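Hi everyone, thanks for coming.

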Amino acid sequence: MTVVVTGSASGIGAATSNALRAAGSEVVGVDLRDADIIADLSSSEGAQSAVDAVLDRCGGVLDGVVLCAGLGPHVPDPRLIIAVNYHGTVALLDGLFPALQKGANPAAVVVSSVASTHVTWDENPIAAGGEDAALAAAGEYGGALAYAWSKNAVTVNVRKRAAEWAGAGVRLNTVAPGSIDTPLLQGGLDDPRFGEAIRNFTAPIPRRGTPDEIASLILYLLGPQAGFVHGAQFMIDGGVDALTRPTKF
Ligand code: NAD
């Protein structure tokens, strides 16, 4: 099984790459550094160069795609957060779709976030392409908004592809982690705007998740046991979603 993993150099992407290799898969990692394919997914040119390099390397045939590359709310430029988390992710998804259609039992998993539920698509400025104007009004918490909008948009865009992708024989799902111990979360903890709130919030399971726990769910979703699982979002958050939105699912 040949699987592309973006964000493979760190955190959830690295754990997923390791787990896939341990299970016998060939992994093609894509990242800004320490990867088989070095690419910057924050621009359409960078995303296209990643797609071209992946297709070249795998001969136009892929069995799995896992899109983990992303930036956290603490990153100073909120436009960059939307560029990587939303535009770059969707560009890879669509660019690699033809190769997945030629794969064996093909499936893709996109790493979204519990933050995807913090806004609705109706109030998400990305829906109408109005994110720049909305960010101009957002002030110092623009990063948190950009993060929630980008994750909401990525989950919506996965769900909107459910009919077309199933028709082509390719399964597609999202995972939505809560707080997971990675450099991205550490960036939030170190940021005076967000650190205290992250530290003070306790999930029903009172600890942070590990990248290996997310990797386990991703491997399940890629595999044959998940053959009827499609267009779904899986919360993996120690119970945060159930705690904060018990009536919404
Ligand atoms: P991480 O920082 O450990 O890894 C992210 C990887 O993405 C890094 O290797 C980084 O180099 C890469 N990346 C960033 N910008 C890129 C670009 N322009 N082009 C190519 N690669 C780029 O973070 P992580 O926590 O493992 O995050 C993985 C995914 O999980 C992200 O999409 C993140 O939003 C999501 N997530 C994380 C948490 C958490 O608490 N850690 C919670 C919910 C969702």
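Sorted by class, the shell around the ligand holds 16 nonpolar, 10 polar and three charged residues. In that sorting, Ala, Val, Leu, Ile, Met, Phe, Trp, Tyr, Cys and Pro count as nonpolar, Asp, Glu, Lys and Arg as charged, and the others, Gly among them, as polar.

Before I go on, a word on the source. This is a predicted model, where local features need pLDDT of at least 70, side-chain atom pairs count only at pLDDT 80 or more, and totals for chains, interfaces and linings use all residues. Residues are numbered from 1 along each chain as its sequence is written, and side-chain values use heavy atoms, with hydrogens and water left out.

Back to the ligand. How many residues surround the ligand? There are 29, and the closest are Ser 10, Ile 12, Asp 31, Tyr 147 and Thr 182. A residue is near a molecule if one of its heavy atoms lies within 4 Å of it.

Now the polar contacts, meaning pairs of N or O atoms within 3.5 Å. Asp 40 places a polar side-chain atom 2.8 Å from a nitrogen atom of the ligand. On its own the ligand has 830 Å² of accessible area, and the protein covers 94% of that, by the Shrake-Rupley method with a 1.4 Å probe.

Which elements give two or more residues to this shell? They are helix 1 (11-22), helix 5 (142-160) and helix 7 (183-189), with helix 7 giving the most, three residues. Helices here are DSSP runs of H or I, at least four residues, and strands are E runs of at least two, numbered from the N terminus.

On a 1 Å grid over the protein atoms alone, a cavity is a set of points where a 1.4 Å probe fits but cannot get out; a pocket is an open set with protein on both sides within 12 Å along at least five of seven lines, and lining residues have an atom within 4 Å of a point. Grid points are joined across faces, edges and corners, and a volume is the space filled by probe spheres set on the points.

The count comes to one cavity of 30 Å³ or more, and the largest cavity has a volume of about 40 Å³. Its lining includes Thr 6, Leu 41 and Cys 68, and helix 3 (residues 78-101) gives the most, with three residues.

The second largest pocket has a volume of about 370 Å³. Among its 15 lining residues, Thr 117, Thr 155, Arg 159, Gln 233 and Arg 245 lie nearest its centre. Helix 5 supplies the largest share of that lining, four residues.

Note on methods
A polar contact is a pair of N or O atoms within 3.5 Å; within protein, one must be able to donate a hydrogen and the other to accept it, and residues adjacent in sequence count only if both atoms are side-chain atoms.
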